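Hi,

Here is the structure I promised to pass on to you. Have a look at it first, and then read my notes below.

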Amino acid sequence: MAGTNKVMSLKEAISVIPDGATVALGGFLLQNKPMAATREMARQRKRGLFVICAAPSSLDIDLLAGAGCVARAVVQSISAERFGPTMPNFRKGVQDGTIEIVECDQGMVVAGLTAAKKGVPFIPTMAGLGGDFPKVNPDWFKIMQDPFFGEPTLAVRAMKPDFTLIHTLLADSEGNAQHIGWPANDRLACLAADRVIVTTEEVVPRQVVAAQPTRTVTFAYNVAAVAAVPYGAYPTACQGRYRYDEEAIRDYIAAGRGLAFERYLEKHVYGAPTQAKYMESIGIGRFLKVQTGREC
Amino acid sequence: METPAYTVSELMACVFSRDMQDGERGGIPGVRSEVPLASAGLAVRHHAPNATIFSPSGPVAAEQLVMTGTTTDYERTTGVASMIALDEIFDLIHRGTFDWWFAGGMQIDQYGNINLVGIGDWKRPKLRGPGTAGIASENFVGRILVWINEHSPRMFVKKVDFVSCAGHGPHDRKALGLRGGGPYLVVSPLAVLDFEKKSGRMRLRSVHPGVTVKQVQENTDFELIIPENVPTTPPPSDEEITILRKQVDPLGILREEELYG
């Protein structure tokens, strides 16, 4: 039985996201980040997004912040690890008060997404107990006594993405998408969402995916679009295909720290309307290098 | 015998390694794991071969306790025998599976409350930090091992601007529902510190070679509990430094200058 073919261009896939939508980002820190999708959101000048970082995030949310797309964000850890302990545009947005924060421990994000997945309004968790989270976000977190034994727990309101964006190594045309590395929080982020937008290195026949079903992190029923975008996680890594580009990450952070970020966006985002143009703007050699580990 | 030259990060890794007992269960954080990973990698090769160490993606063998570019590099996350997702690792933490886990911080106070969120008013911070990561959840493990990359009055403060991870006071940990042991050991570039049981206040345990007690107190914005005799932190042994450099950190990441802020 052939499923619905959802393969479309990145531009079409992202065009369904309205301003003000709640958008969850998959991947983990510098791995499998949906970078091409965030660049396309910037190009389409999305505004007022509520971004849920399903796991620690880096250049993905920072690029959205730098392009003025983000109004609010659920965050637990935003950095580039050794390459940058904080991310410049996101940090500026929070310090200037243009980005509102829902302050989390990763366990609280897990709870919020799990509540959405289960269709319950909230979930009690141990994560965040003792911290200042309910003080700063009382609309999201409340200390709650468990009704059986009276112990304190933290009630976390459901965090339901309108869209979850993930980038994977493979997907079939129906939207069964696979990693061969660590899925981090992608599966939960997809189950919690109304709709999922998959960018993938490669669209493959269904038989390829069905040969290893335990690797599939999506459920095709709620996948709205599949866009084939080779190097769609660059400059972060796509596990099993290419590594992150340390130099490009450092260049990005340097551009964000100075006054050069508008120029960066002009060169690599607004002025590079397709993935091919983006790759040309960086230089093809860089992509070959992260894939092969050497100059080609 | 000549003491080998070492960096502060290598010394910190040795101090944490010595605290890890054979047979314990511990975990490496998903972000900024350089010192934690090195300590665990050293411990399993030096004296704790039967420790169970979890990375964010599952339990790892010694071969995965080797430092690479970042915490979640492919070879590290896929080297597990059974892969778990991010939600599952937090389930395990909350139900009390672990003897120890690591926490970093941008501010720590006299009770061990830790802040990773920001400096100044939460709504309009002077400096936005990386965020809490998973350190609030660590109040459900036995011992929280805290590494602080800078020992200064702006890091060791009277009161943190945001509590990411609750310490030993002024609150009552039990009333907050915290079942774990809380912050246990704090290692900075100057000293090793712990907490007095009765008062929950931070206590000086040892000063690193070449550092004075006075220097530690001057770089701390609150009054430390200082015992009459403060020993010197034993420097890395030849064996420790050899294991670290040959087997755990062949790229020399701990020998790079630490960057923060």
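Let me start with a pair of helices in chain A: α2(A) and α10(A) are roughly perpendicular to each other, because their axes cross at roughly 110 degrees and angles from 65 to 115 degrees are counted that way. Please keep in mind that this is a predicted model. Helix α2 covers residues 35-43 of chain A and helix α10 residues 261-270 of chain A, and their axes come within 10 Å.

Which residues make the contact between them? From α2(A) they are A:R39, A:A42 and A:R43, and from α10(A) they are A:L265, A:V269 and A:Y270. Sorted by class, this contact has four nonpolar residues, two charged ones and no polar ones.

Now to chain B, where there is a sheet to look at. Its eight strands form an open sheet with mixed pairing, in the order β3-β2-β1-β4-β9-β11-β12-β13 (chain B). At the edges stand β3 (58-60) and β13 (202-207) of chain B, each with a single partner strand, so one side of each has no neighbour in the sheet. On average, neighbouring strands here are turned by 30 degrees against each other, direction ignored.

Within the sheet, strand β1 (residues 25-27) of chain B runs parallel to strand β4 (residues 100-104) of chain B, and two bridges join them. B:G27 is found opposite B:W101 in β4(B).

Finally, helix α1 (residues 8-19) of chain B packs on this sheet, where it touches β9 (143-147), β11 (183-187) and β12 (191-195) of chain B. The direction of α1 makes about 155 degrees with that of β11(B).

Enjoy exploring!

Methods: Residues are numbered from 1 along each chain as its sequence is written. Chains are lettered from A and ligands numbered from 1 in the order in which they are written. This is a predicted model: local features need pLDDT of at least 70, side-chain atom pairs count only at pLDDT 80 or more; totals for chains, interfaces and linings use all residues. Two strands pair if DSSP finds at least two bridges between them. Helices (H or I, at least four residues) and strands (E, at least two) are DSSP runs, numbered from the N terminus. Axes are lines fitted to C-alpha atoms, for helices over the stretch in contact, and angles run from 0 to 180 degrees between N-to-C directions. Two residues are in contact if their C-beta atoms, placed from the backbone, lie within 7 Å. Angles under 35 degrees count as roughly parallel, over 145 as roughly antiparallel, 65 to 115 as roughly perpendicular and the rest as oblique. Ala, Val, Leu, Ile, Met, Phe, Trp, Tyr, Cys and Pro count as nonpolar, Asp, Glu, Lys and Arg as charged, and the others, Gly among them, as polar.
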